[in-house]
Amino acid sequence: MDALGQICSAALQQYLAHGQARGLDTAAALQQANLDPSHIQKPDTRIHGQDFQTLLHALIKQSADPLFGLHTSEFVQPGSYNVIGYIAMSASTLQEALSKVSLYEKLVGDMGTTDTTLDAHQVAIRWDCLYRQQPARQHLIDNVLGSWVRYSRWLTGNDLLAPDQVWLEHPTPPPAQVEEYRRVFLCDVLFEQPCSALVGAPQLLQQPIRQPDPLLLSTLEAHAIQQLNQLGVDTNLSQRVKQCIQDAIGHSLPRKETVAERLGMNVRTLHRRLADEDQSWQKLLDDVRLKQARHLLTTTTLPQADIAAALGYSDIRSFQRSFKRHTTMTPGQYRAKPGNAQIHS
């Protein structure tokens, strides 16, 4: 496998659909990338990342459109995300749909990783693009963030749904391009940011999905896990429990009974299966809390009391004791460490 991993052929279709709509010679671009048009019609076909990057560069060059990636987001469909798109359709809220992305995004490919941070005041949905070469990197970021927003509007039936801000790592483009970003996202777009993300109030994730279907959701998730196993991607219980805890933190302390029910088992079975993986509920809870605490201490100016509440601690002293036990320093000392610069408030 090449350094850029693989992607499923379904992920190509947005780019090709946009190219065809613009009258580009997509056949020539596919030939340049050594991709067989009949082969990529099968949605589960895996494509080498280097070939995908070659295709993307060919289409970008043909289009002469500096916002090619942003404009491809118009062609997002459920199938663009493999089975994850259909899983999202069956979830109850945007938060539940988003929680599945981190679990199953490897089914779409190795293009990047999603990370969501949530506190009482703000949610930031970040995407770290694993493609480093330009112009592919910029257009992939634009496509992913634009597609997320457009697909969320479709899932909720709310055409005006938008984050408060979009952060992009790109250099600031000319004013006309800035306005085009704002037209697509329907919000302020900030450039030269430390990461690429959708940022807004926590209530953004409570938007209900139009047609939730818990039974279908369970069936689709089982299929997704089977597909990941076939790809050799780890889907152990510990990973899934940590994701459930991460989803709940920021609202209330997650109850193990609720997590066990969500995973289709009782608490006793949950404990036993975690022990089989040499894990425990408390260790996983501590791991998630510590990761979130580090993020909030270094990227916000939230008071420690607010961080403690967001992470489900009974009081600030419990938070401080736990943090020092795991890091050998207090939250204040950690926040003051050189290099832990705060990037937003």
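Predicted model: local features only at pLDDT ≥ 70, side-chain atom pairs only at ≥ 80, totals over all residues.

Mentor: Let's begin at a pair of residues: Gly-112 stands opposite Cys-129 in strand 4. Residues are numbered from 1 along each chain as its sequence is written, and side-chain values use heavy atoms, with hydrogens and water left out.

Helices and strands here are DSSP runs, numbered from the N terminus: a helix is a run of H or I with at least four residues, and a strand is a run of E with at least two. Two strands pair if DSSP finds at least two bridges between them. Strand 3, residues 112-118, runs antiparallel to strand 4, and seven bridges join the two. Strand 4 itself covers residues 123-129, and six of its seven residues are buried. Buried means under 20% relative accessible area, exposed means over 50%, and partly exposed lies in between, with a 1.4 Å probe and protein chains only.

Strand 4 has another partner too. It pairs with strand 7, residues 197-200, in the antiparallel sense over four bridges. You can find two of the facing pairs yourself: Val-123 stands opposite Gly-200, and Ala-124 stands opposite Val-199. Strand 7 also pairs with strand 5, residues 165-167, again in the antiparallel sense, over three bridges. There, Trp-167 stands opposite Ala-197.

Now look at the two sides of strand 7. In a regular strand the side chains alternate between the two faces of the sheet. In strand 7, Ala-197 and Val-199 lie on one side and Leu-198 and Gly-200 on the other, and all of them are buried, so both faces are covered.

The peptide bond joining Gln-134 and Pro-135 is cis, with omega about 5°. Most residues other than glycine have a negative phi, and most peptide bonds are trans. Two residues elsewhere are worth a look for their phi. Asn-34, in the loop between helix 2 (26-32) and strand 2 (46-48), has a phi near 60°, a positive value in a residue other than glycine. Asn-34 counts as exposed because its relative accessibility is 67%. Thr-328 also has a positive phi, about 65°, although it is not a glycine. Thr-328 lies in the loop between helix 15 (316-327) and helix 16 (331-336), and it counts as exposed at 65% relative accessibility.

Next, two glutamines. Gln-227 lies in helix 9, residues 214-230, and counts as buried at 11% relative accessibility. Contact means heavy atoms within 4.5 Å. Setting aside neighbours within four places in sequence, Gln-227 is in contact with Asp-44, Asn-82, Val-83 and Leu-107. Gln-279 sits in the loop between helix 12 (267-276) and helix 13 (281-299). With a relative accessible area of 23%, Gln-279 is partly exposed. Not counting residues up to four places away in sequence, Gln-279 touches Ser-238, Leu-274 and Leu-284. The C-alpha atoms of Gln-279 and Ser-238 are separated by 7.1 Å, while the two residues are 41 apart along the chain.

Finally, step back to the whole. The protein chain has 16 helices and seven strands. Its radius of gyration is 21 Å, close to the 20 Å that the globule rule gives for 345 residues, so the protein chain is as compact as a globular protein of that length. That radius is taken over C-alpha atoms, and the rule is 2.2 Å times the number of residues to the power 0.38. The C-alpha atoms fill a box of roughly 65 × 45 × 40 Å, taken along the principal axes. Of the 345 residues, 54% count as buried. Among contacts between residues at least 6 apart in sequence, 71% join residues at least 24 apart.
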